[in-house]
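Hi everyone, thanks for coming. Have a look at the model on the screen, and then I'll walk you through a few parts of it.

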Amino acid sequence: MAKDNKKNRSAIIVTSVVIALIIVVGITSNQRENLHFIEKWLGNVITPIQKSTTTGINFVRDAVNPVVNYSRIKRENDGLRSEVEDLREQIIKARLERDELEELRSLSYALNYVPKEENYRHIAANIVSKNPGNWFDTFVIDIGEENGVKLDSVVVSSNGLVGRVFEVGGNWSKVISIIDNNSSVSFQIMRNKNFKGIITGSVNYELSGYLFDPLAEVIVGDKLLTSGLGIYPSGILIGEVIEVSRTTDQLLKTITVEPSVNFKRLNKVLVYIPLN
């Protein structure tokens with residue numbers, strides 16, 4: 001009997017609360033300037049509960065969402081990572097194509113080094129390997145007999161004389177540059193082409209030489225061109241005089257030359273192949 005009375009009291013309390021809430025909802029359904037004291041009391045009671053409930057829900061949502069969405073997020077991340085890799089490859093490819101285009105455009109200037117009447121034909125080549133070290137003193141290009149390359153074909157870059165071919169294979173050739181200690185080039189001074197001499201490479205990859213005429217005037221800053229004596233056609237830029245001195249017996253005037261070509265950085269060259 002006592003148990004039944006307790007159940008009835010609980011039912012009455014719940015019913016009263018529900019009715020009170022319905023009344024409050026009805027009263028507060030319209031916007032008003034002043035609140036009833038019941039509304040204020042209920043607001044004071046309910047607001048902390050709502051705050052705690054909202055905080056808890058947000059916490060659970062933030063914790064559960066990554067777990068629930070893990071597969072989707074992983075797929076999206078994988079897709080984005082793949083797109084980034086594709087874009088990175090495209091950027092690298094575009095840069096390489098741009099660099100190659102600039103090199104070919106620069107190399108086109110080398111077409112003017114040898115006049116057409118000099119009986120040469122030209123072909124561009126890529127450098128595929130080189131000796132160890134920083135300098136391009138000897139290196140291999142990707143054209144050979146199949147392309148008509150011959151021994152002593154002349155090799156130039158956009159900035160001037162590089163060297164000559166000294167070995168030829170089917171689809172490759174070896175080039176020795178003018179800075180190698182086994183190279184020598186006959187030159188003329190651009191300012192006065194009557195003054196001629198010989199420059200050679202060295203084990204230190206420096207260019208030095210002398211003038212045939214000890215009385216010839218040569219000054220720092222003079223530009224040197226190939227003279228046309230030997231295997232190199234006339235008029236190809238070699239470099240610039242950076243030092244002038246005399247031998248101890250005063251019989252020869254010696255010079256040190258800075259090459260016009262950067263022999264630490266070469267990728268493409270132009271090969272002049274003699275037609276005879």
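**A barrel, a helix and one aspartate**

Strands here are DSSP runs of E with at least two residues, helices are runs of H or I with at least four, and both are numbered from the N terminus.

Before going on, a word on the source. This is a predicted model, where local features need pLDDT of at least 70, side-chain atom pairs count only at pLDDT 80 or more, and totals for chains, interfaces and linings use all residues. Residues are numbered from 1 along each chain as its sequence is written, and side-chain values use heavy atoms, with hydrogens and water left out.

How confident is the predictor? pLDDT is its confidence in each residue, from 0 to 100. The protein chain has a mean of 84, with 86% of its residues at 70 or more. Among the elements, β5 has the highest mean pLDDT, 97, while helix α1 (residues 2-28) has the lowest, 62.

Now the barrel. Which strands close it, and in what order? There are 6, running β1-β2-β5-β4-β3-β12, with antiparallel pairing. On average, neighbouring strands of this sheet are turned by 45° against each other, direction ignored. Against the sheet packs helix α3 (residues 70-107), which touches β1 (120-130), β3 (154-157) and β12 (268-274). The direction of α3 makes about 35° with that of β12; axes are lines fitted to C-alpha atoms, for helices over the stretch in contact, and angles run from 0 to 180 degrees between N-to-C directions.

Pairing takes at least two DSSP bridges between two strands. β1 and β12 are antiparallel over 7 bridges, and arginine 121 stands opposite isoleucine 273 in β12. β1 and β2 also run antiparallel, joined by 3 bridges. Then β2 (residues 138-141) pairs with β5 (residues 173-177) over 4 bridges, where valine 140 has lysine 174 as its bridge partner.

Last stop: aspartate 222, in the loop between β8 (207-211) and β9 (223-226). Is aspartate 222 buried or exposed? Its relative accessibility is 4%, so it counts as buried; the cut-offs are under 20% for buried, over 50% for exposed and partly exposed in between, with a 1.4 Å probe and protein chains only.

The side chain of aspartate 222 makes a polar contact of 2.8 Å with that of arginine 191, and reaches the backbone nitrogen of isoleucine 219 at 2.9 Å. A polar contact is a pair of N or O atoms within 3.5 Å; within protein, one must be able to donate a hydrogen and the other to accept it, and residues adjacent in sequence count only if both atoms are side-chain atoms.

Notes
Contact = heavy atoms within 4.5 Å. pLDDT = per-residue confidence, 0-100.
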